Amino acid sequence: DLETRDMALRLLLSTRLISRVARRQGAKAKPAFRSGSSTSHAHNEPATGPEPPNGFLFNEKPLRPGEKRQKEDWENIWVYGMTFNLLLAFAVVVLKPDTSINSWGRKKALERLSGEACEDPAAPTEEAGIVSEDS
């Protein structure tokens, strides 16, 4: 994985460069990238690295009483998009035409058994010059 190694090397070098500049200016170093939840921090803050596991689902801390969870930007798009796609897939599966050979054969067999089917194409007809005995 050259790409992964290259990205890690770039991150390491940028972090070292930022920390050197920050030491010269007398400020605390801030890494260039940030991972983790975007609801707890502003989008323009630098990264501090991956957050260590805290034992909660998705590493989200429980809310205080009366506090409401803020959704991230992508959550509504994902929920509505998946709902639409699932409904579309369900409609396609339910409303597709029945084109199986078994259903066609069953329909033809029932027509022949009930006598509603057209005459057998192999049977002799009057047009062919063969007259039945009844006439």
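Me: Which helix holds Tyr 80?
Reply: Tyr 80 lies in helix H2. This is a predicted model, so the values that follow are computed from it.

Me: Why is Tyr 80 called exposed?
Reply: Exposed means over 50% relative accessible area. Tyr 80 has 61%. That is over the cut-off, so Tyr 80 counts as exposed.

Me: What surface feature does Tyr 80 belong to?
Reply: A nonpolar patch, formed by Trp 74, Trp 78, Val 79, Tyr 80, Met 82 and Leu 86. Together these residues have about 710 Å² of accessible area.

Me: And Glu 75: where is that residue found?
Reply: Glu 75 is also a residue of helix H2.

Me: Is Glu 75 buried or exposed, and why?
Reply: The cut-off for buried is under 20% relative accessible area. Glu 75 comes in at 15%. The value falls under the cut-off, therefore Glu 75 is buried.

Me: What is Glu 75 in contact with, leaving aside its neighbours within four places in sequence?
Reply: Arg 69 and Gln 70. Contact here requires heavy atoms within 4.5 Å.

Me: How confident is the predictor in H2?
Reply: Helix H2, residues 73–95, has a mean pLDDT of 96, the highest in the protein chain. Confidence is lowest in helix H1, residues 2–25, at a mean of 73. The chain as a whole averages 77, and 64% of its residues score at least 70.

Me: What makes the span of helix H3 close to the expected one?
Reply: H3 covers residues 101–114, which gives 14 residues. The expected span is 1.5 Å times one less than that number. That rule gives 20 Å, and the helix reaches 20 Å from its first C-alpha to its last.

Me: Why is H3 called hardly covered?
Reply: A residue needs under 20% relative accessible area to be buried. Among the 14 residues of H3, the count of buried ones is 0, so the helix is hardly covered.

Me: What happens just after H3?
Reply: Gly 115 takes a positive phi of about 80 degrees.

Me: How many helices and strands does the protein chain have?
Reply: There are 3 helices and 0 strands. Along the sequence the pattern reads α-α-α.

Me: What share of the protein chain counts as buried?
Reply: Of its 135 residues, 5%. The chain exposes about 13100 Å², with carbon and sulfur atoms supplying 60% of that area.

Me: Among contacts between residues at least 6 apart in sequence, what share joins residues at least 24 apart?
Reply: In the protein chain, 10%.

How values were computed:
Residues numbered from 1 in each chain as written. Predicted model: local features only at pLDDT ≥ 70, side-chain atom pairs only at ≥ 80, totals over all residues. Heavy atoms only, no water. Helix = DSSP H or I, 4+ residues; strand = E, 2+ residues; numbered from the N terminus. Buried < 20%, exposed > 50% of the residue type's maximum accessible area, 1.4 Å probe, protein only. pLDDT = per-residue confidence, 0-100. Patch = residues over 30% accessible without salt bridge, like charges linked within 9 Å, V, L, I, M, F, W, Y side chains within 5 Å. Areas by Shrake-Rupley, 256 points an atom, 1.4 Å probe, with all protein chains shown as cover. Salt bridge = Lys/Arg side-chain N within 4 Å of Asp/Glu carboxyl O.
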